[in-house]
Amino acid sequence: MSPEPTTLLQGTLDLLILKSLIAGELHGLGISRRVQQITSGTFLVKPGSLFPALHRMEDEGWISSFWGDSENNRRAKFYRLTKAGRKQLDLETERWSRISWAIAQALEAS
Amino acid sequence: MLRFVKLQSFLRNIFSSHRIETDLDQEVHAHLDMLTDENLRAGMNSAEAQRAARIELGGIEQVKEQVREQRLGNWLHSIYSDCRFALRQLRKSPGFTLVTVLTLAIGIGANTTIFSLLDPLLLRKLPVQHADELVWVNSTGTLGPAEISELATFYTYREKAAVFSSVLAFSRIAPYTTTLNGKTVMAQGILVSGNYFEALGLRPFSGRLFTESDERAQAVIVLSCDFWKREFHSDPRTIGKIIQFGDQADATRTSSLPQRSYIIVGIAPPEFFGTQIEEAPDFYMPLGATDLPSQDYWQIQGISILGRLKPGTSFAQAEASLDPLLQESERVSAVPDIERKESFARTLLTPAARGLSSIRAKYSLPARILQAVVALLLLIACGNIASLFLARAISRRREIVVRLALGAGASRLVRQLLTESLVLIAAGTLAGLAASFWLSPLLLASLSTPQLPIALSTGLNWRVLLFTALLMALAVLICGLAPAVSVTRRELTDDLKSPSSATSYSSRHSRLSNVLVVAQVALSMILVVSASLLLRSLINLETFNPGFARDQVLLVSLDNYAASRSRQQVATFYNQLLARVRRLPGVRSVSYSSFTPISGKEVGVNLIVEGYSLKPGETANERFVGVSPDYFSTMGIPLLAGRDFTEQDIHLESRSYQVTDVAILNRTMARRFFGDSNPIGKHLRFVEGANNRPLEIIGVVADSKYNDLRESPLEFFYIPGTHGDLQVRANLATGALSSAVRDVVRSLDPSVAVTGVKTLRASLDESLRPDRLIAALTTILGLLALALTCVGLYGLLAFEVTRRTGEIGIRTALGARPRDIFRLIVGQGLRLTAVGVIVGTFGAVTAGSLFANFLFGVKDTDVLTFLVVSMTLCVAGFLACFIPARRASRVDPMTALRSE
């Protein structure tokens, strides 16, 4: 298994979480599994990293939460993107593209 | 928008923390359940599913803690929980808490009290615009500085002085009585130039303030904010009201403000209390209110002139440019030539940013002494508290070491210990602040007398609070930080191995504690020596022979009877008065004099002395007073040669102002002008005045004190006077005597008012007020310091005994007797005390040299004082050692060794 996202830039985890919520609302476990899915299993987000990130992002106002029923009719806390969150997603996406382009350039140079 | 959201989150985290915690708990548990479900669906059985879920989650509490740590506002939360933890810990040791809070309250309270008096007196600048530009304009000459007494000089400066951007003046007037709302009220105000308020850049609180055009106005008045609040109850309709003033209450001064009505045109700003700091005027009137003031008025009252120096002008430049103006204005005045050359030769500018003060000079040194003393006291208190904190931290070393080993962050632990210290110190500071809030007015009241009321604004203001906060920060740094840091160091193994927590007391800690105690003893030595010297000084001042008898003399001051009556009337009145008072039962002797010794009044005059030629630069400006016959016997001043005055020495029929031809010198003056030869029969002559007749010297009296009890011998002479205040020597009780005298005066002339009655001793005691105050305060503080030091020494030795229990047990087992153990502990204590006393002696000598000039009759290196104080400290040290040493001598070797 590849390294956890927490060893990378904090913004990367945020980016993945925001991206995973673009399709709709998810609870904590759902977000974790979705990130795993959209990164083709590269990143496994442990609860120890996920929860702090989720609560931080909620404090920042990028996602909002509410209690609802999960697939198995269990009570679970769901998260959804806010308008500010969508903007942040665009910002982070753009930043990530810039960084990866820069690193690609650096690696090609001799 | 986003920032608003973050703020909302922050507030939510703070105030709904309980709900958030429950929410988080539910969320994490829900997550765990879902993980378990997933695993069940994947085919694991119940137990396996749960276990796998838990492993994946990583521990419920850990996850929750990780969320908490990064939460917005977490720092606030942890501070809050640190505080609660600290309070819990402190409640467990009430003795420690109480002692610390009390010690600190004493240390900080004393400092804040003294500072709140010192600040308005010495430090605070006037609440006016650009206070640093203000200077006080005086004249000076060979006789030293003198206040300018010519209104014309002020006008000249205002018109022509180019170095000043503005010049203003003010003058004191005696208190007035007036009736407000049926109540009789005393009000004291000042006269000001029209531009007074403008030049100071002040805005009225209500109504308007004076402008230049008001200067000659005679019926306008501005009230001070305090007076308005007090007497008019902040009534906004006060502007425009009329206030009536009657005759002046103190009629011994030449009457100045005639009775009339004044319109209240404005209220001065609230924080403004005039330009003379200890006199907070109740009202302000323009100079014109004196109704074309006479020469006499300004000569007696003087005016204080303040100028605003243009920026960039140096004092030397300004003084040089003002000198010709001074000369010019004095030349056209009636000031005699010689006085002008000597007294009004040059201009003298002194900075006035902190206002003028007549008491500043007198109280400046005592105030500084007190500030130093309380600072020392605070250091001693901090020393005690630091040791206490250290001992407490050490006793918790095991707990701390275990926590460190379990992975707690050292900085977090330091923060926790520091919070405990902070809570204690904050409590002590608040207690001290509250105490000083109550003490400052008390102290000020003990300084103030009816004759010299002192109205410093000592209330709680931001400066005092800032000062206190700084003290608190200092205390935290000294007492809290060092122990906290040293105890959380990571040398774990030693402490875990040793079974007794007390033996983890490293030698470094021991040395630190010893140093603290020695320092405290040294500081106490300095304080107690200083206090003893000041106390002895005070006792000397109160008991030495000032050249006249202190006791059994009553002083009675009368209206200025002579002001509006003929010489004959005055003479008749006083002759009858003296005769009648003399006949009262118990009265041994009566006299009068134009003013009494140590009253602060003095008059000097230039003389030509027969047979004595002045050397170049030498002056013969001598102080004198006019007295009745019997003055010397009433006051108990021995006549050394010649004779006393008699009634025949006054010639009422003389056409000039000079009514006598005789004078009596004191010994110092006789010695100066005549050496050892007999001055009787020789003559003096006043320099000023036309038609001066020479005065024949008919007697010599012993020296006494004239202006101040501390003064060195002054030259002085007496001439027969025609009126003045009475001195009555009697064996009667003061109350009975004073009413008897009042009756006599009333029966002679009901229109004459007796304006004051007090004993000579009371009058002298009043002049010793600052000395008494400082002696009392330093004694109290010295005793406090001694007490604190003893407590500190006791604590140290008690701790030592606990620490060395094992060692003591071994010694006893090896044959030491209880007496030897006792001596061992006491020896340690006395050694520390001795070192402290030696160090303190050096400190006390240094400190004493700083106020040596203030002492009276005792040297600052007085050996007896030093010896007695050293003995006292050693005895105190011994007493402090006693209980711990006794406890040590009773240690049972078996229990001691077993507890190892």
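## Terms and model

Two residues are in contact if their C-beta atoms, placed from the backbone, lie within 7 Å. Among contacts in chain A between residues at least 6 apart in sequence, those joining residues at least 24 apart make up 51%.

This is a predicted model, in which local features need pLDDT of at least 70, side-chain atom pairs count only at pLDDT 80 or more, and totals for chains, interfaces and linings use all residues. Residues are numbered from 1 along each chain as its sequence is written, while chains are lettered from A and ligands numbered from 1 in the order in which they are written.

## Chain A

Chain A has 4 helices and 3 strands. Helices (H or I, at least four residues) and strands (E, at least two) are DSSP runs, numbered from the N terminus. Their order along the sequence is α-β-α-α-β-β-α.

The C-alpha trace of chain A spans about 55 × 30 × 20 Å along its principal axes. Chain A has 110 residues, and 35% of them are buried. A residue is buried if 20 or more other C-beta atoms lie within 10 Å of its own, exposed if 12 or fewer, and partly exposed in between; these C-beta atoms, too, are placed from the backbone.

## Nonpolar cores

A nonpolar core is a set of buried Ala, Val, Leu, Ile, Met, Phe, Trp, Tyr and Cys residues joined through C-beta atoms within 7 Å. The largest one holds 89 residues. L377(B), A381(B), M525(B), I526(B), L527(B), L781(B) and A785(B) touch the most other members. Helices of chain B that each supply at least two residues of this core include α6 (94–123), α15 (410–447), α18 (507–543) and α24 (769–803). The most comes from α13(B), with 20 residues. Another core, of 55 residues, lies apart from it; I173(B), M285(B), L287(B) and L306(B) are among its members.

A785(B) shows the packing at one position. Leaving aside residues up to four places away in sequence, A785(B) touches L377(B), I380(B), L523(B), S524(B), L527(B) and V528(B).

## Contact between the chains

Chain B brings 20 residues to the contact and chain A brings 19 residues. On the chain B side, α1 (2–15), α2 (17–42) and α4 (60–69) each supply at least two residues. The largest share, 7 residues, comes from α2(B). By type, this side of chain B has 9 nonpolar, 6 polar and 5 charged residues. Ala, Val, Leu, Ile, Met, Phe, Trp, Tyr, Cys and Pro count as nonpolar, Asp, Glu, Lys and Arg as charged, and the others, Gly among them, as polar.

H29(B) is in helix α2 of chain B. H29(B) counts as partly exposed because it has 13 C-beta neighbours inside 10 Å. L11(B) is 18 residues away along the chain, and its C-alpha atom is 25 Å from that of H29(B).

R237(B) sits in the loop between α9 (225–232) and β9 (242–245) of chain B. With 7 other C-beta atoms within 10 Å, R237(B) is exposed. R237(B) and G207(B) are 30 residues apart in sequence, with a C-alpha to C-alpha distance of 10.0 Å.

## Confidence

The model scores ipTM 0.88 and pTM 0.71. pLDDT is the predictor's confidence in each residue, from 0 to 100. Chain B averages 82, and 89% of its residues score at least 70. Among its elements, helix α17 (residues 492–497) has the lowest mean pLDDT (54) and strand β19 (residues 662–666) the highest (93).

In chain B, pLDDT stays under 50 over residues 249–255, for which the model has 23 contacts beyond four places in sequence. Residues 499–504 of chain B also stay under 50, with 14 such contacts. Where pLDDT is low, the predicted coordinates should not be read in detail.
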